[in-house]
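Please walk through the interface between two protein chains in the model below. Keep the view on where the chains meet.

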2 protein chains.
Amino acid sequence: MPNRIDADQPEKVREALRAAHLYYLQDLTMDAIAREMHTSRSSISRLLGFARSTGLVDIQIRSPYRGSSSLEDAIQKRFQIATHIVPVPDHASNVDRLERVCMSAARMLDRYLDSNMVVGLAWGSTLTAISRHLVPKELHNVQFVQLNGAGNNQTTGIVYASEMLRRFGDAYSGTSQQFPVPAFFDDPRTKEALWRERSTRRVLDMQARMDVALFGLGSPFADVPSHVYIGGYLEPRDFEMLDEAQVVGDCATVFYRADGSYRDIHLNDRASGPDLDQLRRTPRRICVVSGASKVASLRGALAAKLVTDLVIDEGSARALLESAMSDIEHASAHMVKP
Amino acid sequence: MPNRIDADQPEKVREALRAAHLYYLQDLTMDAIAREMHTSRSSISRLLGFARSTGLVDIQIRSPYRGSSSLEDAIQKRFQIATHIVPVPDHASNVDRLERVCMSAARMLDRYLDSNMVVGLAWGSTLTAISRHLVPKELHNVQFVQLNGAGNNQTTGIVYASEMLRRFGDAYSGTSQQFPVPAFFDDPRTKEALWRERSTRRVLDMQARMDVALFGLGSPFADVPSHVYIGGYLEPRDFEMLDEAQVVGDCATVFYRADGSYRDIHLNDRASGPDLDQLRRTPRRICVVSGASKVASLRGALAAKLVTDLVIDEGSARALLESAMSDIEHASAHMVKP
DNA sequence: AGCGATCGCGCACATACGTGCAAGGGAGAA
DNA sequence: TTCTCCCTTGCACGTATGTGCGCGATCGCT
């Protein structure tokens with residue numbers, strides 16, 4: 001868990017900066033720094049840990065302009081989106097994989113955020129995992145807004161959602177706006193009514209003004225199906241409808257098909273997530289995907305043009321490309337013998 | 001010494017990026033990375049060293065908006081320049097101090113540089129030291145140009161100057177333009193004549209188009225007097241002239257007084273360095289100073305408005321402020337009893 | 001093909017680093 | 001004032017990391 005935000009202990013921050021400067025810019029050993037700063041080596045070790053975890057020290061990996069991974073390049077070319085591949089061994093468990101992708105995503109996130117931005121956050125296991133690994137950055141007037149409700153008929157889920165929002169707010173000194181509605185309504189008319197309420201409108205307006213949206217994807221076929229599918233949010237007959245409608249996944253509770261279509265999926269009328277047409281007006285839409293079982297869902301999201309920036313584990317990236325390749329083969333096979 | 005530039009071994013770079021990602025973004029131990037990458041732990045250690053030294057991993061210290069060091073703030077306010085204080089213990093030797101300031105400066109430098117820039121480099125012990133600690137960064141079409149000649153009546157100094165330029169060029173994939181003239185001419189007319197030559201004009205034109213200038217300062221009073229004063233560049237009667245003219249220091253062989261004046265110092269007619277009026281048209285002028293014995297020189301340079309960004313060791317920064325404070329006291333003492 | 005030079009790799013050792021634990025010290029409450 | 005609680009510090013230990021050295025592979029030259 002990251003240390004408390006730094007604004008309150010100016011003395012400690014100064015010492016941490018000095019130690020960090022000596023360690024990272026002058027290559028001194030902690031021992032030498034301890035002598036210079038008249039304290040023990042272990043205190044310096046802790047001080048440096050503090051400096052890292054509070055973002056005073058910022059460690060970035062920069063791929064020398066796109067020559068880094070041919071996988072990244074290939075996806076970039078094929079789908080026209082910026083991609084970050086997260087190296088994860090193929091034999092890693094799904095939990096491990098998610099954790100590692102989200103840790104990497106969290107640490108790359110500050111490249112995308114800046115002061116005065118409105119940032120939309122989906123609610124789900126991906127976002128929760130990311131929120132645990134954020135590295136603070138000093139920003140002003142950042143607003144985080146929840147994209148989809150978290151409640152179901154058993155729990156409001158609000159504690160988890162608000163915990164996640166709080167962590168984002170803490171890390172970037174921003175404010176956060178909860179969206180205290182159920183993930184899915186039983187009756188679309190309730191949603192319509194609530195959507196006209198001014199308190200709801202405030203959230204929706206904020207969503208409409210987003211500069212960045214951050215989300216994972218759901219997949220009904222995933223080895224670890226997303227919250228949405230197992231949390232008691234949907235009834236058996238809802239699942240049947242999903243099946244009939246050939247849904248391959250969802251983004252913040254809004255469902256889509258393999259070809260990216262979604263407008264005529266009735267379940268979406270009851271979903272709390274943002275209208276995807278509107279989501280697409282957000283300039284940057286960062287999608288974090290972990291696990292090859294989500295590739296079908298991802299392809300749907302890509303077809304729907306929901307994603308501008310993708311963070312994905314290596315194995316899934318490979319699977320994504322392969323599935324795209326085999327499409328082409330099928331297509332051309334289809335063409336040569338009509 | 002930094003590793004060779006990375007463009008030539010794409011495989012090694014890819015591995016280094018992967019290792020760096022796993023180490024810095026996912027917090028794995030080198031041991032774990034070695035297992036994932038099927039190699040030995042020591043190879044990973046070396047690979048990470050490579051990644052750091054080639055700038056694939058970029059470690060920055062960010063002061064949370066100006067709350068960092070009150071010294072930095074104070075100098076900022078008093079002299080209207082951006083300042084970076086380098087922490088160095090007071091008892092450090094002059095060589096140590098220079099080395100550490102220059103290492104820090106080198107590692108901060110990439111903040112200032114970008115593609116397509118023209119960068120002027122003075123020639124002296126400060127710049128040579130900086131050049132030894134540069135961290136590479138992938139840029140395009142950067143041009144480095146030498147600001148002052150290096151030759152004297154005993155040696156051309158060209159090998160050292162070109163070595164320094166080469167290191168800059170290597171680190172930022174730029175080209176470099178030497179300035180193969182003596183530091184000081186014996187006869188100002190020779191300089192005038194040479195300055196009309198087209199080959200010289202090319203260099204001077206480039207200097208006129210600089211986006212960034214990087215230089216140390218000379219001081220005739222410094223504990224370790226700068227190259228200029230001990231390298232056999234000046235005759236005994238030149239020193240007398242400096243004394244008479246009340247010179248306190250030089251920037252790239254061009255001398256100035258405590259009040260910042262320099263136009264009427266005749267020695268400057270024979271100097272190879274840039275006209276200071278012209279230097280001041282360069283948008284960013286970064287000055288690196290190490291050692292309190294250069295404070296008088298620095299004050300002259302500040303009075304002449306030669307500096308927009310200052311990198312200085314802590315002790316000297318303190319000395320600079322104190323000297324400025326005592327001026328004010330004297331001034332006000334003068335005012336209360338006229 | 002044979003030979004030497006050169007490079008990269010892993011081993012093993014020395015050093016540097018992170019962290020549980022107990023003691024010290026300061027702030028707040030009684 | 002005194003007691004208590006909590007936070008911070010340094011110690012000691014185990015782990016993680018850096019590096020000199022020797023071996024084997026590779027490349028180029030004759």
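What follows describes the interface, from its overall extent down to single residue pairs.

The model is predicted. Start with the extent of the interface. The size of an interface is often given as the accessible area lost when the parts come together. Here chain A and chain B bury about 3900 Å² between them. Carbon and sulfur atoms account for 56% of that area. Three residues stand out on one side: Leu25(A), Ile61(A) and Arg62(A) supply 19% of the area that chain A buries against chain B, more than any other three residues. In residue terms, the contact draws 43 residues from chain A and 43 residues from chain B.

Next, the polar side. The rule finds 24 residue pairs in polar contact across the interface, both partners at pLDDT 80 or more. It also finds 10 salt bridges between chain A and chain B. One salt bridge joins the side chains of Arg62(A) and Asp110(B), at 3.3 Å from N to O. Arg62(A) is also one of the three residues named above for buried area.

Which elements of chain A each supply at least two residues to the side that touches chain B? They are helix H1 (10-25), strand E1 (57-61), strand E2 (82-86) and helix H5 (94-108). H1(A) gives the largest share, 9 residues. By class, this side of chain A has 20 nonpolar, 11 polar and 12 charged residues.

Finally, look at the strands.

Terms used: Residues numbered from 1 in each chain as written. Chains lettered and ligands numbered in written order. Predicted model: local features only at pLDDT ≥ 70, side-chain atom pairs only at ≥ 80, totals over all residues. Heavy atoms only, no water. Contact = heavy atoms within 4.5 Å. Buried area = accessible area lost by both parts, 1.4 Å probe. Salt bridge = Lys/Arg side-chain N within 4 Å of Asp/Glu carboxyl O. Polar contact = N/O pair within 3.5 Å; in protein donor to acceptor, adjacent residues only side chain to side chain. Helix = DSSP H or I, 4+ residues; strand = E, 2+ residues; numbered from the N terminus. Nonpolar A, V, L, I, M, F, W, Y, C, P; charged D, E, K, R; others polar.
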